[in-house]
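Student: Hi! Could you walk me through this one with me?

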Amino acid sequence: MKNPFFKTILRPWMLVQPLVVLLFFSCQNKDQTQQAEYLGQMEAFAEMVAAGVKPIALSAPLAPEETNGLFEKAEEIAKKHGVSVYREADLVQTQLFPADVAKGKEVLIFYSGNSLDAYLDLKKTLSDGTSGEAEARRFGRLLGYPVTHINRLLAKNSDFRTLADFGISATNLFLYYKDFPRARDFYQKLLGLEIVSDYGFALTLRISQDAFVTLVDAAVGRHKAEEPKTVAIALLTDQLPEWYTYLKAHNVQIKYEYKPKTNNAHDGFVAVDPEGYLLEFETFKQHPENERLMPQLRRFAALPTHSDSVAAGMGFYGAVTWLYYQDMQAAQLFYEEKMGFELIVDQGWAKVYKVSETGYVGLVDERRGMHRYTEMKGTSISFIVKDWDGWHGYAQANQPLPIIKERYTGKDGCYEAFVGEDPGKYFLEFNQFLEHPDNKRLLEILAQDKRGK
């Protein structure tokens, strides 16, 4: 006799069975795909450790049973690349990552030499109750992260910020003159720079896409004309012979002559402006030192001189503000970790940082540079900040640098600013320019698309 109850059960099962089988193999394939992905990541990380790119490298966080299934193959990968692997069930917690990034999970640490000992030393420091920005940076360096990436991770996972997080529209260098009209004629009529704002006692000229220089009447400015001019501007151009000939023809003083050399990282010459500031006309060339800089320089064409009758056909595509230090390490840490600037050229005794698209800051060891260190400087370095209120509030609350002049409003409400000081006692001014007839051209430029080529 047939069992109708059995038939009732069997028929739905016959329909469902293919789906169950499909789901079984689908899950199995998914697990295999995930495992292959983990192993691929481990292969890449082991190679990076072997190459010295990373002191240590971490696998993805894994459930203990996943680690059990992968550890033998992870050891094979490590052996293949000549490195070692360590099973870590309690990953250190720092401000670099969310606190729960590996909660209840394990990671595999690929390492070589004594780098695992360095990790375990960090772990001991953290177990003693010390955990802040310094420990996060220490972990980031162990992972081989550049400072800019460590800054980004800190900003993502803590209240840490740098100036770069608030956006930098442009760079601006303040220079101070006893004979203000003569300085104006030199930069506008001889060099052909466009005046983009004129407040009477100060005027701003455009060097390149987003790099400016402001000339100030020293009778009313922050600095006096007699103060040491411990700064130099590199005006970046591919027209060194033309500029050299032009300036010589106009009897401009040349401090260092134009003597191009084959295979140099850069060529140039140094002119002197009417009151002694040094202007370095410079070309960076394809060279191992400049491999990261050259693509950035090519993004923006030279800004032609403002008047066709002045230095016709010539112009600049960038500007480097050179600053001079006794303690280069302190200056470097400040501009990388507090300002958030990207190191783009490392000459050893000089470091160049990208600040805006065409504006750069260069730090120079005073023992090798064109200037020696001085306590006082006849200059201020300015950054035009997109979220000025945000940066000002952060600087007040967290003091990434000493503030020497609090928030103030400039002539007729043209701008807002505050002033800080860097480790070498350079004044750093942070500006936002407000809607005002005197700022019309400057604001037009700052609003332009700066994506380049």
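Student: Let's start with Ala311: is Ala311 buried or exposed?
Tutor: Ala311 counts as buried, at 3% relative accessibility. Buried means under 20% relative accessible area, exposed over 50% and partly exposed in between, with a 1.4 Å probe and protein chains only. Before we go on: this is a predicted model, where local features need pLDDT of at least 70, side-chain atom pairs count only at pLDDT 80 or more, and totals for chains, interfaces and linings use all residues. Residues are numbered from 1 along each chain as its sequence is written, and side-chain values use heavy atoms, leaving out hydrogens and water.

Student: New topic: what about Asn251, buried or exposed?
Tutor: Asn251 is exposed, with a relative accessible area of 70%. Asn251 has a positive phi too, of about 60°, although it is not a glycine.

Student: Which loop holds Asn251?
Tutor: The one between helix H7 (240-249) and strand S9 (254-256).

Student: Now helix H2. Where does H2 bend?
Tutor: At Leu70, by about 45°; that bend is the angle between axes fitted to the seven residues ending there and the seven starting there.

Student: Which residues of H2 are buried?
Tutor: Thr67, Leu70, Phe71, Ala74, Ile77 and Ala78.

Student: And what follows H2?
Tutor: Gly82, with a positive phi near 75°.

Methods: Helices (H or I, at least four residues) and strands (E, at least two) are DSSP runs, numbered from the N terminus.
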